[in-house]
Amino acid sequence: MELTRLIVKGGVISPGELREVVNIAFEEGLDSISFGSRQDIIFPKGFKSLDKTTLGKHHFVYPDQKSGNNIVSSYVSTDIFRNTNWLTGNRFLYILEEFKEQPKLKVNITDPKQQLVPLFTGHLNFIASEHEDYWYLYIRLPKWEKIEVYPVLIYSWDLAKIYYEIEKISDEDAADIELLFTLVSEALDTNNRTIDKPLNIPFYPFPYYEGMNRMGIDQYWLGLYWRNNLYDLDFLKEMCDLCFECKIGKICITPWKSFIIKGIPKDRKLEWEKFLGKRGINVRHSLLELNWHLPVAMEWALNLKTFLVRTLDQFDISTYGLNFGISEYNRDGHYFTSIVIEKNELPTALESIKIRDTYNVLFAKNFDPNTREYIVHSQDIDKLELPTILIELSRKYFEELGNTTSETTEKQQKKEKPQQDIYQCQECLTLYNSEYGDETQGIPKGLLFENLPETYCCSLCEAPKSNFRILETVEN
């Protein structure tokens, strides 16, 4: 199906802008709109090009246009989910405002402590560090085979400047990260900072993002999700009016085909609940239903999800903390869910024959999509076999939960905690443990036996260093 997309920078749109979009959709004869995985708005039916007067400042991408890249941000998560202390909603808005021109590449600007918005699905992925106003940058340009880390931390107010410079350089096919860094450094004067430790991405369960929830002392946030991803225009129009009345300035689109309204005043909560109730809006779907990522406007994917959710629900299976994706085989190879179900392509020679679809099932290493490493669990599986496999993987997830640490944390620990060794004197069986050193001879803690001076001798029997034999080597 041909789709027209409206780019929404960082997934943040004002009620006034959304009202304008609703009016444009009405003029096109539509009765609903959808949301996309990159926090954009999708017009799911045929859409004619509009003149610039009607467009206003909105940026539409039509089916025949190639460049539909945009900026994804985790602004939606601030104040309602875990977040890096210094990274406020206002900082996100200031940074997004620096991106004046529509990007030609996919950009992600995210907080590593939240789980709602994926970190690594862009060509350029800016990820907040522990240092205030400094960001890691992970790059995978279109012609690069793997993701690379930029060798310095980038200052908040340099993000846009560095992005646009890289956008220009990418056309010249920068071969690797070193060349790219050199070219950017020669072109720009930026306030970089040395990377003093690798990025640590803590693993948290996938959050529940629907319904009316408390936000601070006197406010609430509301998450809204439509099962079919077709959001009624009349409802959206009335909702925008209610946002105006409550002085709510921003509406946030999620990558999960839903949206969140933050800052509903405590004294208006009942009014919002009445508004939802009168329209029969369900705001308490199970997490099992909310944690799926589907391609837009593909009926087969929605039908498959419905079948799997109902079957897992019948078996009363817990999937808390997991999320699932459905995709066509090797659509782009870059997923952001714990478990992925790929639909295989039919062989060209068999297209005229009616045969059943088959699927592959993959899961992320440690069930953490941020590892960016996927393991094939099953191949060429019939649809009816999928529930059993998902149940098996769910159980595997809970069995392993808490037993693993993120890859970046492991690397950091190996870097920060040196190898330890234990040697024993063959004469009197006295031990030398590098964890403790040897205070009697002024040997500090942490010094490996091989690094002891050749004049070292046993503190008890004074046997030479050559009389010691290794007992074990330990890496923390």
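A search of the whole structure finds 31 aromatic pairs. Rings of Phe, Tyr and Trp (its six-membered ring) count as a pair if their centres lie within 6.5 Å; planes under 30 degrees apart are stacked, over 60 edge-to-face, and the rest tilted. One of the pairs joins phenylalanine 81 and tryptophan 221. This pair is edge-to-face, at 5.6 Å centre to centre and with 75 degrees between the planes. Phenylalanine 81 lies in the loop between strand 6 (71-73) and helix 3 (89-97), and tryptophan 221 in strand 14 (residues 219-225), so the pair ties together parts that are 140 residues apart in sequence. Helices (H or I, at least four residues) and strands (E, at least two) are DSSP runs, numbered from the N terminus. Phenylalanine 81 is buried, with a relative accessible area of 17%. Tryptophan 221 is buried too, at 4%. Here buried means under 20% relative accessible area, exposed over 50%, and partly exposed in between (1.4 Å probe, protein chains only).

A tilted pair is formed by tryptophan 226 and phenylalanine 235. Their centres are 5.1 Å apart, with 50 degrees between the planes. Both tryptophan 226 and phenylalanine 235 are buried. They also belong to one aromatic cluster, together with Phe35, Tyr231, Phe259, Trp272 and Phe275.

The model is predicted: local features need pLDDT of at least 70, side-chain atom pairs count only at pLDDT 80 or more, and totals for chains, interfaces and linings use all residues. Residues are numbered from 1 along each chain as its sequence is written, and side-chain values use heavy atoms, with hydrogens and water left out. The predictor's confidence in each residue is its pLDDT, from 0 to 100. The mean pLDDT of the chain is 86, and 87% of its residues reach 70 or more. Over residues 405-417, pLDDT stays under 50. For that stretch the model has 18 contacts beyond four places in sequence. A contact means heavy atoms within 4.5 Å.

The secondary structure of the chain comes to 11 helices and 25 strands. Of its 476 residues, 52% count as buried. Among the contacts with a separation of 6 or more, 65% come from residues 24 or more positions apart. The chain exposes about 23700 Å², and carbon and sulfur atoms supply 48% of this area. Accessible areas come from the Shrake-Rupley method with a 1.4 Å probe; for residues, only the protein chains shown count as cover.

Charges also sit over rings. The criterion is NZ of Lys or CZ of Arg within 6 Å of the ring centre and within 35 degrees of the ring normal. The charged end of lysine 262 sits over the ring of tyrosine 75, 4.3 Å from its centre. Lysine 383 lies over the face of phenylalanine 307, at 4.8 Å from the ring centre.

Helix 10 (residues 386-400) has 15 residues. From first C-alpha to last it reaches 21 Å, close to the 21 Å expected at 1.5 Å a residue. The expected span is 1.5 Å times one less than the number of residues. An α-helix has 3.6 residues a turn, so residues three or four places apart point the same way. The buried residues of helix 10 are Leu386, Pro387, Ile389, Leu390, Ile391, Leu393, Ser394 and Tyr397. Their packing partners include helix 9 (299-314), strand 19 (324-328) and strand 22 (374-382). Just after helix 10, glycine 402 takes a positive phi of about 90 degrees.

Isoleucine 317 is found in the loop between helix 9 and strand 19. At 16% relative accessibility, isoleucine 317 counts as buried. Leaving aside neighbours within four places in sequence, isoleucine 317 is in contact with Leu312, Ile391, Ser394 and Arg395. The C-alpha atoms of isoleucine 317 and arginine 395 are separated by 9.0 Å, although these residues are 78 apart along the chain.

Most residues other than glycine have a negative phi. Asparagine 366 is not a glycine, yet its phi is positive, near 60 degrees. Arginine 372, also not a glycine, has a positive phi of about 60 degrees. Asparagine 366 lies in the loop between strand 21 and strand 22, and arginine 372 has its place in the loop between strand 21 and strand 22. Asparagine 366 is partly exposed, with a relative accessible area of 24%. Arginine 372 is partly exposed at 38%.
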